[in-house]
Every structure is written in C-alpha cells, then in structure tokens.
Amino acid sequence: MPTELDAKGMNCPMPILKAKKALMQLEANDTLRIEATDPGSVADFDAFCRNGGHTLEESSEDGGVYTYLIRKAS
Amino acid sequence: MDNTVSIENSKTMTIIVTKGSLDWAYPPFILATTAAAMDVKVDMFFTFYGLQLLKKDLDHLQISTLGNPGMEMPMFGMHMKMPNIVSAIPGADALCSTMMRNLIKKKGVASVEELREAAVDSDVNLIGCQMTMGLFEWEKHDLMDEIEIGGAATYMEKALNSDINLFI
C-alpha cells in the first residue's frame with residue numbers, strides 16, 4: 001500500500017517539499033501517492049522524479065485533483 | 001559549518017539575496033527549498049536589504065507599490081493597478097502588505113516564514129553579510145540563530161565551486 005500525502009490546496013513549491021519530506025521516510029522502491037490541486041505540479045512532479053531517479057508510475061487528473069504515484073529510487 | 005565543496009556528487013547552487021520586501025522574499029526561498037528537495041546543496045548569501053529576511057521576526061516585511069508597474073492586485077472582481085501616488089499615502093504600503101498576506105493565505109501560497117523554516121530543515125546554508133550588519137547596526141541577536149556570518153570572500157569561495165550562482 002502506498003503512503004498517502006494530501007497536498008490539496010497547496011501552491012508551488014509546497015507539494016514538492018512535502019513529497020520530498022515524505023519520500024525521505026520511505027525505503028527504496030516504496031510508493032507514495034500524492035493528491036494535489038496545483039496545476040503546475042504536473043510538470044513539477046515530472047521534473048522532480050526525473051531528477052531524483054524516482055519512477056512516476058501514475059500522473060492523472062480528475063475534477064481538478066491531480067494524483068501522482070511515485071516509486072522511490074532504489 | 002562545512003566550508004568545503006560537497007563531498008558527495010550533488011550539484012550546488014548559491015543565491016545572493018539583496019531584496020528585503022515581502023514579495024521579493026519569495027523567489028530566493030522558493031528556489032532554495034525546491035533545489036534542496038532535488039538534492040542540490042544550497043548556500044544563500046543575504047546582503048543589504050536582503051538581510052531583513054534573516055531577522056527573527058518577519059512580520060515587518062512589506063511590499064511597495066512605488067515603481068512597481070507589474071503589480072496588479074485582484075480586488076473588487078478586477079485587477080487593480082497601483083499608481084505610484086498610492087505609495088505616498090501614509091499607511092498605504094502597510095495596507096497593501098496586509099492585503100498581500102491575505103491573498104497569499106487565500107491562494108494556498110506558503111508564508112515566507114514557512115519557506116524559511118523549510119530551508120533550514122533541508123540544510124540550506126544561510127549566510128548573513130557582516131558588512132551589512134555593521135552598516136545598519138544590527139546585532140547577531142536580531143537575526144535567527146541558524147545562520148552563519150560572513151563576507152564577500154566567504155560567498156566567493158562557495159560561488160567558485162558552485163554549479164549555479166544566482167543574484168536576486
């Protein structure tokens with residue numbers, strides 16, 4: 001089961017900062033599911049994961065809520 | 001404090017912070033915290049008015065409507081430009097600053113305090129400029145505890161070994 005992070009209502013750069021903090025608590029290959037409402041977070045999580053070697057397994061939007069599933073770099 | 005280049009393979013960034021207003025506090029702290037979250041080692045050098053951002057209390061930070069043609073506040077259902085003369089009215093900048101703080105809160109933008117705390121938490125190195133402290137007669141106890149005090153050479157040593165150097 002992925003760890004859940006609610007970043008709804010937060011604006012740049014808070015969703016990324018919270019995600020980083022949450023990822024630091026996880027083991028390699030663990031997953032983190034993030035919900036956010038900041039439209040800018042789509043491109044930002046893309047870049048954040050690419051840079052950190054994490055896998056962005058899911059990036060979707062439903063009714064203004066963006067969901068990301070990140071698998072921590074091994 | 002560790003003055004040597006990062007021993008790991010991580011990238012490094014320095015930012016010279018020269019502005020001490022509420023709005024201009026954002027770009028350096030947003031970039032610094034985001035860079036730290038992306039495993040970049042960050043040094044921030046606060047000089048002249050930028051040193052205001054290291055004061056223990058940040059409630060005094062204001063925006064200025066003077067000489068700021070890019071400023072458009074969402075008010076009364078439209079976007080209000082602030083003519084320069086507004087700034088001449090006593091209390092106008094304080095009022096605009098309060099409005100800005102309310103807007104920041106309403107839009108879910110982090111406060112400067114929150115971002116600065118995040119910077120400290122993620123080991124961003126904060127350096128206060130010694131010369132500025134002397135110039136404005138500020139004491140070490142006016143500034144937050146988590147900072148290093150240094151001068152231009154302290155900054156230059158870091159900048160010379162850094163991947164990214166910004167002046168804000």
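What percentage of the 168 residues in chain B do buried residues make up? They make up 32%, where a residue is buried if 20 or more other C-beta atoms, placed from the backbone, lie within 10 Å of its own. This is a predicted model, in which local features need pLDDT of at least 70, side-chain atom pairs count only at pLDDT 80 or more, and totals for chains, interfaces and linings use all residues. Residues are numbered from 1 along each chain as its sequence is written, while chains are lettered from A and ligands numbered from 1 in the order in which they are written.

Along the sequence, chain B follows the pattern β-α-β-β-β-α-α-β-α-β-α-β, with helices (H or I, at least four residues) and strands (E, at least two) taken as DSSP runs.

| Chain B | Value |
|---|---|
| Helices | 5 helices |
| Strands | 7 strands |
| C-alpha box along the principal axes | roughly 55 × 35 × 25 Å |

Leaving aside residues up to four places away in sequence, B:Ala32 touches B:Ile15, B:Val42, B:Met44, B:Ala119 and B:Val124, a contact being a pair of C-beta atoms within 7 Å.

The contact between the chains takes 11 residues from chain B and 11 residues from chain A. On the side of chain B, the largest share, 4 residues, comes from α1(B).

Technical notes
Two residues are in contact if their C-beta atoms, placed from the backbone, lie within 7 Å. A residue is buried if 20 or more other C-beta atoms lie within 10 Å of its own, exposed if 12 or fewer, and partly exposed in between; C-beta atoms are placed from the backbone.
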